[in-house]
Amino acid sequence: MKEVVVLSGKGGTGKTSIIASFAALAKSKVMVDCDVDAADLYLLLQPITQEKHEFWSGQVAVIDEEKCTQCGLCQDVCRFNAIENFKVDPISCEGCGFCYNVCPEGAITMEESLSGHWFVSETRYGHLVHARLGVTEENSGKLVAAVRQEARLIAQRQGLDYIISDGPPGIGCPVISSLAGADLAVIVTEPTLSGMHDMDRVIDVCRHFTIPVIVGINKCDLNEDNSHQIESYCHDQGIEVAAKIPFDNVVTEALVRGLPVVEYCDNGVSPQIKRLWQSISGLLVNS
Amino acid sequence: MIVSIASGKGGTGKTLVATSLALSLPNKRPVQFLDCDVEEPDAHIFLKPLLTHKQAVSIPIPHIDEKKCTYCGKCAEVCAYNAIAVIKEKVLIFPELCHGCGACSYLCPEGAISEVGREIGVVEVGQSKEIEFIHGKLAIGEMMAPPIIREVKKHINQERLVIIDVSPGTSCPVVEAVKDSDFCLLVTEPTPFGLNDLVLAIEMLHRLAIPCGVVINRGGVGDSNVEEYCHKEGIPILLRIPLDIEIAKLYSRGITLVEGLPQWRETFLRLYNDIELNKK
């Protein structure tokens, strides 16, 4: 069982469209959507939910007005400015419990919060494990860890070859949680100065956690000079550029029809995505 | 006035809109630009500020004085993040789990815990023509963006129009960046992904009681569901930018829309006036 995670640094480079195509191309796999606060993969895989689980995580302080003497100690110690006028703002509260521990009246309790849900679904391409973090919630990293853990169990139970994860944008908590312990990271970038800047940072994160990397350039013909620069940068870093996917409206058309692009159209985009998957599976077999 | 530019989905054109809005206004009113996408800050690529100050952002983590410590375990007991473990006569600290709340040092009965700063990123301040520019950068391998966003926002100067470029998503870094805004522009694209994430972003703003309007970028491909949704929910669509390969090429070279195609300046001025009309 090998685990590959698709990242980009910058959002909107085409991760999810490419991953949905991997779902159609790869045999013997479970799909995971690790972008838990803007989960979109389900729109292309059209899952039928089989299991729905609550995700309880973190705590929020609650002040009992009857016991509270308004001494103000809780407000003084809170470093997240979450208590004002002896009321807790649950959005700002980081659940540290400092106020609960110091309140001389025992007027503060810490209550578990329901931060979201995660799902195991069946699609025509196999299982999909996905989640929905409640808006404004914290702990996206823990929810990512929960969906990855479930995917591993499914892969073990069914003897599957691959876990294929759609990662979140950025480089912070949910990205690190998506990446830790994976066998390979695929970076989908685009030939824009922002795309390149952000790719650079996410490659550094992969290096930091010693995860091998390959790159696919999406919308490669948008700026040929920048595409060449990405190739020479990757060459210097010893990173394979496994695909150069041209810009084409068929990707959006496929999305509107709810289909992976490799099943929608066989033009210039699809052969490159197939090539990318071949490189990934080749690397995973040998890793 | 504080205007934040958010999206839900990544790559819809937040930075494109934020930078062009900022560049259209200085003749009308002075602007301060905060890039609060501290995981992947990109606005500097377009605004090319001269950065003059750099300040490290640290969070306070516990440091144990082994001479005073009696290994009672109180610190580990109060830590909500499992960042401290006491095993026999040894205190283990896991710095990357620590949120810097300070409970352990305050509650240690022996006064054995002091706090030391652990650097997790930087804030840089500069100037791009008339625009005051501030951005934050999370260090590689670090998890927590919100403390850096808080540091960036400490620079807010309300005498100027404050424009905040936000990261994608709807969870804690986004909330930290948009809260206290007078208005939030949500940039989306007319696709099922754009709509799905727009609905989540609107739910977030309702919860924070921040008024919002929508920018539809890359119009012309995709479908009409975003338009219909906004119409049904009574959310104003304040700007439509068509899918235009010329705009995408300018963007790829780090050139803002209003500098590459100056005829857009008028449109962004109108956008600003519409924001004034719809703000809190």
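A salt bridge here is a side-chain nitrogen of Lys or Arg within 4 Å of a carboxyl oxygen of Asp or Glu. By that rule, the side chains of Glu142(B) and Arg118(B) form one, at 2.8 Å from N to O.

This is a predicted model: local features need pLDDT of at least 70, side-chain atom pairs count only at pLDDT 80 or more, and totals for chains, interfaces and linings use all residues. Side-chain values use heavy atoms, with hydrogens and water left out.

**Domains of chain B**

Chain B is assigned domain 1 (2-57 + 121-278) and domain 2 (59-119); such bounds come from an automatic or database domain assignment. The contact takes eight residues from domain 1 of chain B and six residues from domain 2 of chain B, where contact means heavy atoms within 4.5 Å. Between their centres, taken over C-alpha atoms, lie 39 Å.

Buried area is the accessible area (1.4 Å probe) that two parts lose on being put together, summed over both. On the domain 1 side of chain B, Val57(B), Glu142(B) and Met144(B) lose the most area to domain 2 of chain B, together 62% of what that side buries. The rule finds one salt bridge across this domain interface. There is also one residue pair in polar contact, both at pLDDT 80 or more. A polar contact is a pair of N or O atoms within 3.5 Å; within protein, one must be able to donate a hydrogen and the other to accept it, and residues adjacent in sequence count only if both atoms are side-chain atoms.

The domain 1 side of chain B that touches domain 2 of chain B holds six nonpolar residues, one polar and one charged. Nonpolar covers Ala, Val, Leu, Ile, Met, Phe, Trp, Tyr, Cys and Pro; charged covers Asp, Glu, Lys and Arg; the others, Gly among them, are polar.

**Chain A against chain B**

Here 59 residues of chain A are in contact with 60 residues of chain B. The count of salt bridges is four. In one of these, Glu94(A) pairs with Arg150(B), the closest N and O atoms being 3.6 Å apart. H7(A) gives the largest share of the chain A side, nine residues; helices (H or I, at least four residues) are DSSP runs, numbered from the N terminus. That side divides into 27 nonpolar, 20 polar and twelve charged residues.

| Interface | Buried area | Share on carbon and sulfur atoms |
|---|---|---|
| domain 1 of chain B and domain 2 of chain B | about 580 Å² | 58% |
| chain A and chain B | about 4,900 Å² | 60% |

Conventions: Residues numbered from 1 in each chain as written. Chains lettered and ligands numbered in written order. Helix = DSSP H or I, 4+ residues; strand = E, 2+ residues; numbered from the N terminus.
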